[in-house]
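Trainee: I would like a close look at a single part. Please take the ligand site, then the sheets that go with it.

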Amino acid sequence: MLRLHSYRYHRPAALADALALLAEHGPAAMVMAGGTDLMPNMKHRLFTPDHVVALKGVAELRGIEEREGELRLGAAETLAAVSRSALVRAWLPALARAAGLVAGPQLRNMGTIGGNICLDTRCTYYNQTEFWRSALGFCLKKDGTVCHVTKVGRKCVAAHSADTPPVLMTLGAVLDLASPRGTRTVPVADFFVADGVRNTVRAADEVVTSVRAPLPGPGSRAGFEKLRQRGAIDFPLLNVAVALELEGDVVASLRVVVSALGARPRFIGGLEKLAGERPDAALLEAVARRALDQAHPLENITVDTEWRRAMVPVLVRRALAQALAGPPGGPPPTG
Ligand SMILES: Cc1cc2nc3c(=O)[nH]c(=O)nc-3n(C[C@H](O)[C@H](O)[C@H](O)COP(=O)(O)OP(=O)(O)OC[C@H]3O[C@@H](n4cnc5c(N)ncnc54)[C@H](O)[C@@H]3O)c2cc1C
């Protein structure tokens, strides 16, 4: 049995109290939302904070609302709530879909959108017990000096494995962060960095309070596809989010994000050259080809790397077809 270390559990009801706890305990404190990732990681001794600051009771982190041309989601809203929300399903169906494809029902009832955005990266050589990891002399991400994936690399390549951030990136969403030093807003597209050890720009004492996405126009379409071993529970082996703007019968702009391959989700480059094209099979093929050329999965998870790469164009085509077949985002039906 894996046991937790001893720590103090704090359950503040207000953001100011949470931030005061983070200021008081500094690096000895960590925030926890649903705990679906942090708890297993603590049992594996990947994190051993002396103080855990629970966020689910913090009122400012709750609520899903339409406001001033945006949809605002409190960071402590559960993935189940996000996937079922009438507002999210109507305005941002790709986000509802991604949230609804995370793990399984129990984990979506506990796990939050904020925790999903701040999810730690994953690797075969990292998500193991302390005993397992010690047998290899640990690894670059935690307690060691060698990356067992690349053997020679000095940069951790553990995989970004969260499902909602790619969608939020394609939708142009932003994150509101608060810390004892103040507040700031960061586009989701700028939140992630290519360092598997600490793969976001979030400081240890910063709390994501909300995520805000602009309401899409009538020409907007979006889609999300995910590859995993089983149809439920499993983390993504690969995920693809797409968003496009249609003007008449042509594509005015197109954004594609591919993730779960390396330390951060990545936009596929060069798609601006496809603006003005009709959304037909040739366009889907051109996007799929660009995505394949730019996808370079590493052996950071146990599943075959060549298969994950070969599935990139397949998922890109599916996500684009899904987006084009779906309705534009709009207000939820009344009555
Ligand atoms: C069996 C299993 C399968 C899973 N499958 C998937 C999957 O398919 N797709 C997927 O995306 N995830 C998956 N997960 C991971 C996890 O369940 C989800 O990502 C979930 O959304 C994490 O949210 P949480 O609230 O539980 O985060 P927590 O575990 O509470 O926190 C995760 C990290 O984020 C930080 N954090 C949490 N909230 C905030 C905040 N508001 N501000 C700043 N930092 C914060 C914590 O300090 C911690 O570092 C799986 C987990 C398990 C155990």
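Mentor: What follows starts at the ligand and then moves to the strands. This is a predicted model: local features need pLDDT of at least 70, side-chain atom pairs count only at pLDDT 80 or more, and totals for chains, interfaces and linings use all residues. Residues are numbered from 1 along each chain as its sequence is written, and side-chain values use heavy atoms, with hydrogens and water left out.

Start with the shell. There are 34 residues around the ligand. A residue is near a molecule or strand if one of its heavy atoms lies within 4 Å of it. Val31, Gly34, Thr36, Thr112 and Asn116 come nearest. By class, the shell holds 19 nonpolar, nine polar and six charged residues. Here Ala, Val, Leu, Ile, Met, Phe, Trp, Tyr, Cys and Pro count as nonpolar, Asp, Glu, Lys and Arg as charged, and the others, Gly among them, as polar.

Now the elements. β2 (29-32), α7 (113-117) and β8 (207-214) each supply at least two residues of the shell. Helices (H or I, at least four residues) and strands (E, at least two) are DSSP runs, numbered from the N terminus. Domain 1 (7-54) and domain 2 (68-118 + 159-325) both give residues to the shell, so the ligand lies between them. The domain bounds come from an automatic or database domain assignment.

Next, the polar contacts (pairs of N or O atoms within 3.5 Å; within protein, one must be able to donate a hydrogen and the other to accept it, and residues adjacent in sequence count only if both atoms are side-chain atoms). The backbone of glycine 35 places a polar atom 2.8 Å from a ligand oxygen. At serine 161, a backbone N or O atom lies 3.4 Å from an oxygen atom of the ligand. Aspartate 163 uses its side chain: one of its N or O atoms is 2.7 Å from a ligand nitrogen. Taken alone, the ligand exposes 970 Å², and the protein buries 92% of that. These accessible areas come from the Shrake-Rupley method with a 1.4 Å probe; for residues, only the protein chains shown count as cover.

Follow β2 into its sheet. Three strands form an open sheet in the order β1-β3-β2, with parallel pairing. Two strands pair if DSSP finds at least two bridges between them. β1 (8-10) and β2 stand at the edges with a single partner strand each, so one side of each is left without a neighbour in the sheet. The twist averages 25 degrees from one strand to the next. Axes are lines fitted to C-alpha atoms, for helices over the stretch in contact, and angles run from 0 to 180 degrees between N-to-C directions. Four bridges join β2 to β3 (residues 51-54). Alanine 29 stands opposite histidine 51 in β3.

Now follow β8. Its open sheet has five strands in the order β4-β5-β8-β6-β7, and the pairing is antiparallel. At the edges stand β4 (64-67) and β7 (182-187), each with a single partner strand, so one side of each has no neighbour in the sheet. β8 pairs with β5 (residues 70-74) over five bridges. Glycine 74 has serine 210 of β8 as its bridge partner. β5 also pairs with β4, over four bridges. There, arginine 67 partners glutamate 70. Two residues lie between the strands of this hairpin, and glutamate 68 takes a positive phi near 50 degrees. Another hairpin of two residues joins β6 to β7. Six bridges link β6 (residues 174-179) to β7, and leucine 177 has arginine 184 as its partner in β7.
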